[in-house]
Amino acid sequence: MTTPIYLDNNATTSVAAEVLEAMLPYLKELYGNASSMHTFGGQLGPRLRAAREKVAALIGAEPDEIIFTSCGSESDNTAVMSALEVNPHKRHIITTRVEHPAVYNFCKHLARKGYRVTFLPVDNMGRLSLDAFYKALDDETAIVSIMYANNETGVIFPIEEIGTVLKERGILFHTDAVQAVGKIPLDMKTLPVDMLSLSGHKLHAPKGIGALYIRKGTRFYPYIIGGHQEHSRRAGTENVASIIGLGEACKVSMQQFGTEHAHLSMLRDKLENSLLANCPDARVNGDRVDRLPNTTNISFEYVEGEAILLRLDEYGICASSGSACASGALEPSHVLRAMGVPFTALHGSIRFSLSRYNNEAEIDKVIEVLPPIIKDLRMLSPYGRENLAGQVCK
Amino acid sequence: MWEYTKQVRDLFLHPKNVGEVEHPDAVGEVGSIICGDALKLTLKIDKETGRILDAKFQTFGCASAIASSSALTELVKGKTLDEALNITNKDIADFLGGLPEEKMHCSVMGQEALDAAIANYRGKAPVRESGERVVCKCFEVTEEKIRKVITENRLTTVEEVTNYTKAGGGCGTCIPEIEAILKSIWALKPLPEKPKKSGRLTNLQKIALIQDVIEREIRPRLQADNGDIELIDVEGPQVIVALRAMCVGCPMGGVTIKGIEEKLRELVSSDIVVEARTE
């Protein structure tokens with residue numbers, strides 16, 4: 001297979017060259033356990049501390065407000081569970097209908113265990129209903145967990161506004177910022193959030209490393225119980241190489257912030273606008289204003305997403321789809337359904353998510369090959385033929 | 001990513017018989033855009049001989065739906081209507097060198113479109129409008145279809161029924177009904193031979209299935225006689241159980257164990273040996 005045109009960076013990202021290089025010594029000669037009494041292991045302590053500082057710096061946090069976890073899902077589960085543990089008498093959880101499964105399915109699991117869960121609705125642009133949020137709050141609410149930016153549409157939620165209300169009422173607030181960290185600037189000094197999840201492999205660190213920010217003073221209960229690592233907040237021998245990698249990835253991300261944002265949104269907008277102009281019955285899912293710079297979710301009506309993806313795959317183009325068939329489930333994306341995307345468009349959604357390593361030639365390639373694919377699949381489809389008359393997919 | 005065969009990929013990338021035949025003699029339309037796949041089959045039929053002269057399709061759906069539709073048109077061309085009616089979803093899947101289990105419903109859709117087209121030609125109402133009872137509301141799957149697919153493909157679990165028909169894959173409220181249909185079919189007949197399937201159970205699936213059979217089939221009966229049973233361990237074909245309550249020391253214990261073994265052999269795996277652990 002030739003080098004892919006990789007436009008699926010909300011799924012995972014490539015490991016940055018600097019990151020891999022920083023990690024290698026810890027997979028080779030520096031294999032010690034940081035908890036050991038000998039110098040060979042003990043020398044890792046300062047390096048882990050440096051990595052923690054870099055992760056903290058990216059989000060404007062203090063180093064001791066960061067604990068390392070195995071992934072974003074673990075961070076999410078830990079945050080929600082901790083809030084329930086420290087508030088045993090409060091049995092109400094508020095989240096949204098468009099959360100990542102790491103929160104969404106975990107909350108559904110808790111609902112089966114007897115917790116009361118409110119899943120807040122979104123409008124047809126994927127924007128959160130703040131009205132519903134205010135109404136849902138009550139004295140029983142132990143935690144509110146709302147994602148910073150949606151993984152499928154890139155829509156950004158008003159975390160600051162929500163956090164301000166919750167701070168006044170003394171309710172714990174967690175945000176799953178896995179898709180936001182590294183893509184948009186975050187500053188925990190001003191953001192009224194108690195806990196925040198991030199994941200390494202979404203920002204060019206490897207898979208299998210995540211972090212949870214826990215604001216100083218927040219009551220916390222560990223999820224993985226065992227040794228004293230992470231100041232007894234998360235047991236398990238430190239994943240040294242990956243922690244070093246995450247630190248390096250955060251450092252690189254911080255250095256690139258200004259230029260990367262402009263680069264991503266320029267490429268994304270070019271891709272989006274060209275596809276909308278050159279394909280009939282194409283529409284963007286989600287708010288185009290408050291959105292991550294790297295993400296676009298486009299529905300091509302009357303065609304099915306898996307078919308589009310596999311045709312793109314012939315050109316080595318990697319994207320993803322909210323279509324039922326693409327996931328192995330029988331129902332299309334819960335996010336798009338919550339947004340009330342019409343059925344004609346629901347199965348034909350394609351998400352392109354870019355990274356700093358994409359270039360304009362790659363985007364031009366997609367703009368060249370996708371419209372004929374859509375045209376071809378439209379010719380196969382029994383639907384929408386009347387709309388097609390007179391319109392030509394260039 | 002799905003592991004599609006070369007045949008599926010080829011027919012998806014270069015489908016044969018796309019479009020509508022002119023002035024079709026028969027039209028079969030199944031599925032809907034809401035469900036995520038739909039197929040419109042048009043046939044040209046020689047009225048003298050009843051032979052299918054031409055077949056074309058239009059499909060909204062994934063790669064395997066498109067390939068299955070194209071395979072169907074290749075299979076029916078040149079056949080008489082009666083020959084065509086013998087085509088099963090399995091024939092379509094075989095033509096494609098097999099389909100992933102979760103995609104078998106694509107082959108079922110092809111067979112349904114063919115049935116609908118022939119019914120249309122012969123002036124019968126399509127199943128959908130015939131007042132058939134809809135079991136799965138999410139995907140509009142009728143009881144007749146579920147029964148047909150279960151018997152033709154020898155399905156025994158709800159999961160399989162979902163893979164083949166989509167029924168039960170949405171809200172899930174119809175799952176007890178599908179279970180009841182499965183029960184009503186296989187309670188009357190001996191279970192189908194399925195060597196391929198039993199070999200593919202993972203250990204966890206097997207334990208779950210055994211537990212399930214004990215909970216649903218065996219415990220209620222024992223409890224009715226004030227007895228009870230607990231699954232202790234599964235080691236290969238050996239299933240170790242403990243009889244509880246009134247079953248302890250019951251002179252009929254041996255008979256009970258034999259009955260449990262028969263049930264598990266029937267519903268899980270033919271090589272199961274049940275042993276009672278005394279405590």
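This is a predicted model: local features need pLDDT of at least 70, side-chain atom pairs count only at pLDDT 80 or more; totals for chains, interfaces and linings use all residues.
I then turned to Tyr134(A). Its relative accessibility is 38%, and I therefore recorded Tyr134(A) as partly exposed.

Next I looked up aromatic pairs. Over all chains, I noted five of them. Phe133(A) and Tyr134(A) form one such pair, with ring centres 5.5 Å apart and planes at 50 degrees.

I went on to the pair of Tyr383(A) and Phe60(B). I found 5.7 Å from centre to centre and 75 degrees between the planes, an edge-to-face arrangement. This pair crosses between chains. On the chain A side, I located Tyr383(A) in the loop between helix H14 (360-380) and helix H15 (385-388). On the chain B side, I located Phe60(B) in strand S3 (residues 51-60).

I also checked the accessibility of both partners. Tyr383(A) has a relative accessible area of 23% and is partly exposed, whereas Phe60(B), at 1%, is buried.

Lastly, I looked up charges over rings. I found the charged end of Arg91(A) over the ring of Tyr115(A), 4.2 Å from the ring centre. I made a further entry for Arg311(A), which lies over the face of Phe12(B) at 4.7 Å from the ring centre.

How values were computed. Residues are numbered from 1 along each chain as its sequence is written. Chains are lettered from A and ligands numbered from 1 in the order in which they are written. Side-chain values use heavy atoms; hydrogens and water are left out. Rings of Phe, Tyr and Trp (its six-membered ring) pair if their centres lie within 6.5 Å; planes under 30 degrees apart count as stacked, over 60 as edge-to-face and the rest as tilted. Buried means under 20% relative accessible area, exposed over 50%, partly exposed in between (1.4 Å probe, protein chains only). Helices (H or I, at least four residues) and strands (E, at least two) are DSSP runs, numbered from the N terminus. A charge sits over a ring if NZ of Lys or CZ of Arg is within 6 Å of the ring centre and within 35 degrees of the ring normal.
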